[in-house]
Amino acid sequence: MTTLTFAHVTDVHISETGDSWGSMGLEAPRILRECFARLNTMDDLDFVLITGDVVDQARPGEVDLFLEALATLEKPWHFVPGNHDGFIYESNRTAMLPAEVVAAIDPRLAELNPDANLAYWSRPVARGVQLIGLDSRIATDWGGTISANQLDWLGSELNAHTDALVILAVHHPLHDLGIHNEREWWNKFIANNGATVERLLDQHPNVKMVISGHHHANHMRVRQGRLTMITAALTGYPCVYRMVRLELTEDGWYAHVETHTAADDDTLANAREAMMSSKTAYDFDTRGPAAWVGFCVGMPRDLSFDGLLGGDDHLHESQ
Ligand SMILES: [Fe+2]
Ligand SMILES: [Fe+2]
């Protein structure tokens with residue numbers, strides 16, 4: 001029986017200043033190392049998927065801190081970049097360029113594409129399982145898109161792997177997580193052409209999972225038997241990583257997903273406080289910042305999944 005077990009870690013936001021999107025940027029290296037130490041003890045863990053925003057302002061020191069933590073991970077890993085992994089703030093002249101950050105973190109991606117700023121890739125990760133990583137960054141903005149060239153490439157890559165289970169990793173989610181994503185600014189949490197990508201995926205029922213970060217919220221949805229898993233920030237409340245186990249059964253691919261907190265109680269309390277006082281939390285809902293905290297934690301259906309991929313939809317289309 002073919003099985004595949006992997007962890008999903010996203011949005012570490014290592015910061016040298018502590019100003020990191022309502023997350024725990026100064027403590028991020030410690031939280032990440034503790035998470036990796038836990039993952040190192042799992043004998044059956046096949047790989048760790050890291051979906052971007054590993055640093056906050058792309059300063060060389062932040063990248064070094066991430067690389068030092070990454071060096072402690074004793075498992076294979078895969079990486080797709082987020083908007084903070086090279087995003088150049090006008091006020092921050094010490095940031096590394098996007099291509100420099102990508103090359104420093106994952107030399108496999110350094111010269112993959114004609115445009116060195118783009119880092120998309122496709123790899124077999126088990127017999128009959130193909131992992132595809134997209135680069136959803138926009139050079140001058142924190143929103144996301146999948147470039148036309150990348151979409152063409154994705155189409156041909158999916159055509160080349162019609163017999164495989166395909167898992168797609170992309171930093172920006174492809175669909176709205178709620179009606180707030182229709183509002184200005186909040187729409188940048190979603191790839192601006194995510195619907196186009198989803199329509200392409202609909203034509204390939206062997207694409208069974210799409211995995212994202214960026215929104216700093218836990219969310220799961222099934223569309224046409226395809227499980228979308230968006231994971232909250234490792235270093236922002238509730239400081240989680242996910243564990244995914246896939247099993248090829250007589251009926252097809254069965255998925256088991258669990259959500260785990262990576263932080264100790266004190267860190268978790270501080271992370272909640274940081275999130276409660278963030279501008280994002282106040283902007284989210286007129287009811288106050290607790291609504292944002294609740295949204296990021298997610299409902300029970302956003303935290304675990306047990307079911308056959310490609311089978312009946314277990315979750316509703318909306319929220
Ligand atoms: Fe992020
Ligand atoms: Fe992001």
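Modeller: Let's start with a term: a nonpolar core is a set of buried Ala, Val, Leu, Ile, Met, Phe, Trp, Tyr and Cys residues joined through side-chain atoms within 4.5 Å. Buried means under 20% relative accessible area, exposed over 50%, and partly exposed in between (1.4 Å probe, protein chains only). This is a predicted model, where local features need pLDDT of at least 70, side-chain atom pairs count only at pLDDT 80 or more, and totals for chains, interfaces and linings use all residues. Residues are numbered from 1 along each chain as its sequence is written, chains are lettered from A and ligands numbered from 1 in the order in which they are written, and side-chain values use heavy atoms, leaving out hydrogens and water.

Colleague: Thanks! How many residues does the largest nonpolar core have here?

Modeller: In soluble globular proteins, nonpolar side chains tend to be buried together. Here the largest core has 80 residues, and Leu-39, Met-209 and Leu-246 have the most contacts inside it. Its largest share, six residues, comes from helix H1 (residues 28-40). A second, separate core has 16 residues, including Ile-146 and Val-207.

Colleague: What covers the buried residues of H1?

Modeller: Helices (H or I, at least four residues) and strands (E, at least two) are DSSP runs, numbered from the N terminus. Among the elements covering H1 are strand E1 (3-9), helix H2 (60-70) and strand E12 (240-249). The buried residues of H1 include Ile-31, Phe-36 and Leu-39.

Colleague: And how should I read the strands: in what order do the six strands of the open sheet stand?

Modeller: Two strands pair if DSSP finds at least two bridges between them. The order is E4-E5-E8-E9-E11-E10, with mixed pairing. E4 and strand E10 (219-223) stand at the edges with a single partner strand each, so one side of each has no neighbour in the sheet. Within the sheet, strand E5 (residues 129-133) and strand E8 (residues 165-169) pair in the parallel sense over five bridges, and Ile-132 stands opposite Leu-168 in E8.

Colleague: Back to E4, then: is Arg-123 buried or exposed?

Modeller: Arg-123, in strand E4 (residues 121-126), counts as buried because its relative accessibility is 13%. A polar contact is a pair of N or O atoms within 3.5 Å; within protein, one must be able to donate a hydrogen and the other to accept it, and residues adjacent in sequence count only if both atoms are side-chain atoms. One such contact, of 2.8 Å, joins the side chains of Arg-123 and His-78.

How values were computed. Contact = heavy atoms within 4.5 Å.
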